Amino acid sequence: MTDPLKILVIEDDPGLSQLVAMLLGSDPRVGEVVVMNDGTDALTKARELQPDVVVLDTGVPGDGEVIGPKLRETLPNIRLISFSGFDRPAPWADVRIVKGGDAAEQLTTAIFGVAKESDYDAVRRFLHDLRNPLGAILGFTHLLEDRGRLTDEQLEQVMAGIKRSALRMSEILDSFSEQHKRPS
């Protein structure tokens with residue numbers, strides 16, 4: 001059996017970085033997932049961690065497009081994955097993934113060579129479950145934009161709706177996290 005992988009994820013969207021860390025961290029082939037939300041100290045962290053794989057959002061603060069080539073130069077044997085919301089060249093990367101509908105499957109395939117269907121399906125269900133409370137929160141915020149027309153009672157209802165939806169999102173995140181714990 002090969003040693004468990006060490007993966008460094010450099011992604012500025014906290015929700016997405018958490019999702020990627022949970023998806024990868026639930027795989028028994030992964031020993032450690034370290035997440036950074038900006039690239040400022042990415043080179044130092046990469047030298048310290050000596051990861052097998054780096055997943056780099058090229059749009060992170062600290063200029064991901066500059067960090068990618070420096071990572072390649074500093075640690076030439078790592079698997080370097082460009083993970084961006086934009087379809088832009090990344091000649092320094094082993095794999096380039098444009099964030100979108102099947103990005104989780106592409107990322108899993110890029111790291112392990114084969115997508116794990118069960119993980120992909122779990123992520124799709126997870127994202128689907130988050131859409132309802134997130135949609136409610138967005139709807140309530142639109143009402144708040146015109147709060148001058150809301151009565152005090154309506155304003156309290158809007159605030160209660162936001163809180164209820166946020167708590168539902170928290171429950172969904174906790175449930176997903178509990179279901180996808182790394183086996184002991």
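This is a predicted model: local features need pLDDT of at least 70, side-chain atom pairs count only at pLDDT 80 or more; totals for chains, interfaces and linings use all residues.
Biologist: Hi! Which residues have the most contacts inside the largest nonpolar core?

Modeller: Those are Leu8, Ile10, Val54, Leu56 and Leu71, in a core of 19 residues. A nonpolar core here is a set of buried Ala, Val, Leu, Ile, Met, Phe, Trp, Tyr and Cys residues joined through side-chain atoms within 4.5 Å. Buried means under 20% relative accessible area, exposed means over 50%, and partly exposed lies in between (1.4 Å probe, protein chains only).

Biologist: Which elements give two or more residues to this core?

Modeller: Strand S1 (5-10), strand S2 (30-36), H2, S3 and helix H3 (64-74) do. H2 gives the largest share, 4 residues. Helices (H or I, at least four residues) and strands (E, at least two) are DSSP runs, numbered from the N terminus.

Biologist: Thanks! Back to Leu56: what is it in contact with?

Modeller: Leaving aside neighbours within four places in sequence, Leu56 is in contact with Ile10, Gly64, Ile67, Gly68, Leu71, Ile81, Ser82, Phe83 and Trp92. Contact means heavy atoms within 4.5 Å.

Biologist: New topic, the sheet. What is the order of its strands?

Modeller: S2-S1-S3-S4-S5, which makes 5 strands in an open sheet with parallel pairing. Two strands pair if DSSP finds at least two bridges between them. S2 and S5 stand at the edges with a single partner strand each, so one side of each has no neighbour in the sheet. The twist from one strand to the next averages 15°.

Biologist: And which helix packs on the sheet, touching S1, S2 and S4?

Modeller: H1, and its direction makes about 175° with that of S2. Angles run from 0 to 180 degrees between N-to-C directions, and axes are lines fitted to C-alpha atoms, for helices over the stretch in contact. H2 lies across S1 and S2, and it runs at about 175° to S1.

Biologist: How many bridges join S4 to S5?

Modeller: There are 4, between strands that run parallel, with S4 covering residues 79-84. Ser82 has Arg96 in S5 as its bridge partner, and Ser84 stands opposite Val98. The covered face of S5 holds Val95 and Ile97, whereas Arg96 and Val98 are on the uncovered one.

Biologist: Now the helices. At what angle do H1 and H4 cross?

Modeller: Roughly 45°, and the axes of H1 (residues 14-25) and H4 (residues 103-112) come within 11 Å. That makes H1 oblique to H4. On this scale, angles under 35 degrees are roughly parallel, over 145 roughly antiparallel, 65 to 115 roughly perpendicular and the rest oblique.

Biologist: Which residues meet there?

Modeller: Val20, Leu23 and Leu24 in H1 meet Ala104, Leu107, Thr108, Ile111 and Phe112 in H4. H4 is mostly covered, with 7 of its 10 residues buried. Just after H4, Gly113 takes a positive phi of about 90°.

Biologist: Which residue other than glycine has a positive phi?

Modeller: Gln50, with phi near 55°. Gln50 is in the loop between H2 (42-49) and S3 (53-56), and it counts as partly exposed because its relative accessibility is 44%.

Biologist: Last stop: is Leu144 buried or exposed?

Modeller: Leu144 is buried, with a relative accessible area of 16%. This residue of H5 (residues 117-145) touches Leu155, Val158, Met159 and Ile162, not counting residues up to four places away in sequence.

Biologist: What about Ile172, buried or exposed?

Modeller: At 6% relative accessibility, Ile172 counts as buried. Ile172 sits in H6 (residues 152-179) and, leaving aside neighbours within four places in sequence, is in contact with Phe126, Asp129, Leu130 and Pro133. The C-alpha atoms of Ile172 and Pro133 are separated by 9.7 Å, though they are 39 residues apart along the chain.

Technical notes. Residues are numbered from 1 along each chain as its sequence is written. Side-chain values use heavy atoms; hydrogens and water are left out.
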